[in-house]
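Thanks for coming. I will walk through one structure this morning, part by part, for those who have not seen it before.

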Amino acid sequence: QFSWPLTITNTGAQDVRVRDFGSSCNCTSVEPRSLAIPAGESKTVRLTLDLAAKAPVVSRNAYRDFKVSLYARVEGQAEGPAHTWVIHGRVK
């Protein structure tokens with residue numbers, strides 16, 4: 001598992017309430033699952049990736065690339081992803 005803080009900034013003029021987070025992979029989790037972000041302010045969530053089960057081990061020294069989309073569902077906006085981030089990197 002790899003975990004790090006992800007800061008989300010509301011650059012708008014109105015408060016935003018994130019109802020939930022979703023992902024293109026069941027290898028992610030976000031805490032807290034919902035939060036309110038006042039206009040012009042930032043909040044931090046903890047993003048955790050567990051990529052251990054995503055692909056078979058080919059070699060102990062092998063590296064593989066990964067790419068995961070993370071999205072926020074925002075209250076008052078149409079159903080579906082409102083804001084999307086793409087997280088990519090390389091793991092051993």
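Let me begin with a pair of strands. Strand β3, residues 28-31, pairs with β5 in the antiparallel sense, and four bridges hold that pairing. Within it, V30 stands opposite L47 of β5. Please keep in mind that this is a predicted model.

β5 has another partner as well. β1 and β5 run antiparallel and are joined by eight bridges. On that side, I8 stands opposite K43 in β5.

Now the overall layout. The protein has seven strands and zero helices. Read along the sequence, the pattern is β-β-β-β-β-β-β. There are 92 residues, and 27% of them count as buried. As for how the chain folds back on itself, take the contacts between residues at least 6 apart in sequence: 56% of these join residues at least 24 apart.

Which residues have the most contacts inside the largest nonpolar core? They are F21, V45 and L70, in a core of 18 residues. The elements giving two or more residues to this core are β1 (2-9), β2 (16-23), β4 (35-37), β5 (42-49) and β6 (64-74). β6 gives the most, with four residues.

V45 is worth a stop. Leaving aside residues up to four places away in sequence, V45 touches W4, P5, L6, I8, F21, V30, E31, P32 and L35.

On to the cysteines. How many disulfides does the count come to? The count comes to one. C25 and C27 form this disulfide, with their sulfur atoms 2.1 Å apart. In general terms, a disulfide is a covalent bond between the sulfur atoms of two cysteines. Are these cysteines buried or exposed? C25 has a relative accessibility of 12%, so it counts as buried, the limit being under 20%. C27 is at 8% relative accessibility, and therefore C27 counts as buried too.

The lining is made up of I8, T9, N10, V16, V18, I37, A72, V74, Q77, H83 and W85. Each of β1, β2, β6 and β7 (83-91) supplies at least two residues of that lining.

Last, two loop positions. E75 is found in the loop between β6 and β7. Why is E75 called partly exposed? Because its relative accessibility is 46%, which falls between the 20% and 50% limits. In sequence, E75 and V16 are 59 residues apart, while their C-alpha atoms are 7.3 Å apart in space. V16 is one of the residues lining the second largest pocket. Not counting residues up to four places away in sequence, E75 touches R17 and R19.

The other position is A52, in the loop between β5 and β6. A52 has 64% relative accessibility, which is over 50%, so A52 counts as exposed. Along the chain, A52 and K92 are 40 residues apart, and 9.6 Å separates their C-alpha atoms.

That is what I have for today.

Terms used: Residues are numbered from 1 along each chain as its sequence is written. This is a predicted model: local features need pLDDT of at least 70, side-chain atom pairs count only at pLDDT 80 or more; totals for chains, interfaces and linings use all residues. Side-chain values use heavy atoms; hydrogens and water are left out. A nonpolar core is a set of buried Ala, Val, Leu, Ile, Met, Phe, Trp, Tyr and Cys residues joined through side-chain atoms within 4.5 Å. Buried means under 20% relative accessible area, exposed over 50%, partly exposed in between (1.4 Å probe, protein chains only). Contact means heavy atoms within 4.5 Å. A disulfide is a pair of cysteine sulfur atoms within 2.5 Å. Two strands pair if DSSP finds at least two bridges between them. On a 1 Å grid over the protein atoms alone, a cavity is a set of points where a 1.4 Å probe fits but cannot get out, and a pocket is an open set with protein on both sides within 12 Å along at least five of seven lines; lining residues have an atom within 4 Å of a point.
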